[in-house]
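Please open the model in a viewer and keep the selection panel at hand.

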Amino acid sequence: MAPTQEELERRRIVRVEEERVSHVTSTDFPGHYPGEDHAWDLDEFRKKFKIQIHKANELDYEFDLIGVDASVANAFRRILIAEVPTLAIETVFVHNNTSIVQDEVLAQRLGLVPLRGDKKGFQHLRWRKKNPEEPAAEATDFNTVVMTLKVACTRNHAVPATETDPSKLYFNSSVYARDIKFAPQGRQPQWFAGAGEIRAVNPDILLAKLRPGQEIDLEMHCVLGIGQDHAKFSPVATASYRLLPSIKIKQPITGEDAEKFVGCFPAGVAEVQTDRKTGEKKAVVVNPRKDTVSREVLRHDEFKGKVELGRVRDHFIFSVESTGMYNSDELFLQAVQILKKKCIDFQEKLLES
Amino acid sequence: MTNTQDHETLPDAPEYDAENAGDAEFDDDDEPLDLTRENNAKITMLGSATDDDSCASFQFENEDHTLGNALRWIIMKNPQVEFCGYSIPHPSEAKMNMRIQTYGEITAKDALIKGLADLRDLCDVVTDKFVAEKERFTAEKRR
């Protein structure tokens with residue numbers, strides 16, 4: 001007893017009503033509908049699952065995952081934010097800091113600076129263990145990247161006395177992320193050679209301001225970490241998804257109402273079409289993707305019972321914005337690999353025991 | 001760097017030399033990097049209520065909703081499983097408990113192993129589709 005196409009379509013929609021959302025939980029489990037299977041089937045999944053890329057800039061991807069449950073999409077999102085490892089400044093050794101920014105405040109700022117470098121080079125790096133008992137807790141070229149920051153501010157005597165702009169009056173009046181220099185250790189010169197050297201993603205991040213006589217001299221040790229431990233290790237600025245909005249017109253909306261209907265949505269969601277023969281105006285939904293699901297239509301009595309709002313349960317519009325160490329597409333693939341790795345590891349442990 | 005700082009140079013790590021497992025395979029593959037090569041997964045079976053092992057609870061260490069919810073979903077997709085649910089007993093302990101009850105034809109542990117295998121297959125499909133779609137998208141853009 002297979003469900004009708006209409007019924008299947010209905011099940012895909014999370015309904016958005018005037019004051020509430022309904023049909024929220026997924027029902028595609030064995031035993032939920034009598035006579036229907038719904039068991040996990042890899043081939044079926046491969047047939048139905050779709051990915052559509054809509055925007056592919058290096059650091060900013062937007063793509064749709066269609067045909068997957070929220071729990072899986074959410075796992076990818078959570079892994080992107082909290083479990084993909086990146087490099088960040090972890091320890092700051094202050095040789096000298098006479099700037100007005102206190103050591104601990106400066107160290108915190110430095111930690112949050114996103115770093116980049118040769119991507120292949122990063123594959124050589126390993127975790128640095130926090131437990132001092134373990135051998136890998138010692139700093140080596142495999143687990144620690146050393147950066148230095150040495151800036152002193154001096155007066156520029158060549159400017160006229162009337163000059164008031166500090167950036168002209170003094171040399172190094174501002175310390176930027178570009179002043180952080182990579183100090184390769186051991187085999188790191190080969191891994192991060194030339195343009196692949198480790199540096200700040202954005203060279204223009206302001207770290208501190210100096211005045212003549214003030215100086216900052218630091219050594220920084222960067223290690224690999226994950227966002228779960230500290231947000232500075234998170235490889236994404238944002239990784240989020242939303243469900244595709246769905247707008248169903250159940251009875252034709254015509255004439256004056258059609259104009260009003262279109263006005264209830266953001267530009268480009270719906271439009272008024274005029275019938276060539278009769279000249280009658282009719283509202284049609286063109287691009288529900290642009291909708292914000294503001295539920296404005298539901299506030300007007302003339303549309304009562306004529307329109308149904310909702311979201312497609314298994315259509316996730318993912319947006320991944322990287323901080324710069326990896327491109328967004330690489331990050332997503334890594335996230336999938338990390339989930340896979342978790343499965344393999346636990347499976348191994350279970351089969352052993 | 002000046003000479004005075006030379007003593008701060010980091011020593012090389014002898015235990016990661018070329019013969020070390022995995023090092024050789026970096027060069028050729030384009031696989032996303034896997035820094036977590038070692039298997040630190042820890043799972044224990046909590047007390048079982050029935051004699052035939054059809055019901056059991058498992059405790060996953062250092063796991064949260066990320067694996068918990070995805071695994072719960074895929075185990076619930078197994079028709080031989082009567083119930084599957086997970087919880088994080090306390091937010092400040094990095095532990096995730098999962099309860100599995102089957103109808104009796106398979107053990108709870110088998111259901112869990114099947115769930116992990118299915119989720120792994122799912123990840124492979126997602127990777128394949130993403131790579132294929134990226135190729136299609138870049139080819140289309142170039143045109």
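**Two domains of chain A**

In this predicted model, the centres of domain 1 and domain 2 of chain A, taken over C-alpha atoms, are separated by 43 Å. To display them, select residues 5-82, 238-251 and 305-318 of chain A for domain 1, and residues 86-234 for domain 2.

**Chain B as a whole**

Next, select chain B and colour it by secondary structure. Chain B contains 2 helices and 4 strands, and from the N terminus the order of its elements is β-β-α-β-β-α. Of its 143 residues, 27% count as buried. Among contacts in chain B between residues at least 6 apart in sequence, 52% join residues at least 24 apart.

An unreviewed UniProt entry places here the feature "domain: DNA-directed RNA polymerase RBP11-like dimerisation". This span is 45% helix and 30% strand, and its end C-alpha atoms lie 35 Å apart.

Within the span, pick B:Ala56, which lies in strand E2 of chain B. Is B:Ala56 buried or exposed? With 21 other C-beta atoms within 10 Å, B:Ala56 is buried, because the cut-off for burial is 20 or more.

**Helix H1 of chain B**

Select residues 65-76 of chain B, which form helix H1. The end C-alpha atoms of H1(B) are 16 Å apart, which agrees with the 16 Å that its 12 residues should span at 1.5 Å a residue.

Of these 12 residues, 10 are buried, so H1(B) is largely enclosed by the rest of the structure. The buried residues include B:Leu67, B:Leu71, B:Trp73 and B:Ile74. What do the buried residues of H1(B) pack against? In chain A, they pack against helix H3 (70-82) and H9; in chain B, against strand E2 (55-61), strand E3 (81-87), strand E4 (95-102) and H2.

Centre the view on B:Ile75, one of the buried residues of H1(B). Leaving aside residues up to four places away in sequence, B:Ile75 touches B:Val81, B:Cys84, B:Ile100, B:Ala111, B:Leu112 and B:Gly115.

**Where the chains meet**

Finally, display both chains and select the residues in contact between them. How many residues does each chain bring to the contact? Chain A brings 57 residues and chain B brings 48. On the side of chain B that touches chain A, helix H1 (65-76) and helix H2 (108-142) each supply at least two residues. The largest share of that side, 19 residues, comes from H2(B). Coloured by residue type, this side of chain B divides into 28 nonpolar, 8 polar and 12 charged residues.

Definitions and conventions
Residues numbered from 1 in each chain as written. Chains lettered and ligands numbered in written order. Predicted model: local features only at pLDDT ≥ 70, side-chain atom pairs only at ≥ 80, totals over all residues. Contact = placed C-beta atoms within 7 Å. Nonpolar A, V, L, I, M, F, W, Y, C, P; charged D, E, K, R; others polar. UniProt positions renumbered as here; feature names shortened; annotations may be inferred. Expected span 1.5 Å × (residues − 1). Domains from an automatic or database assignment.
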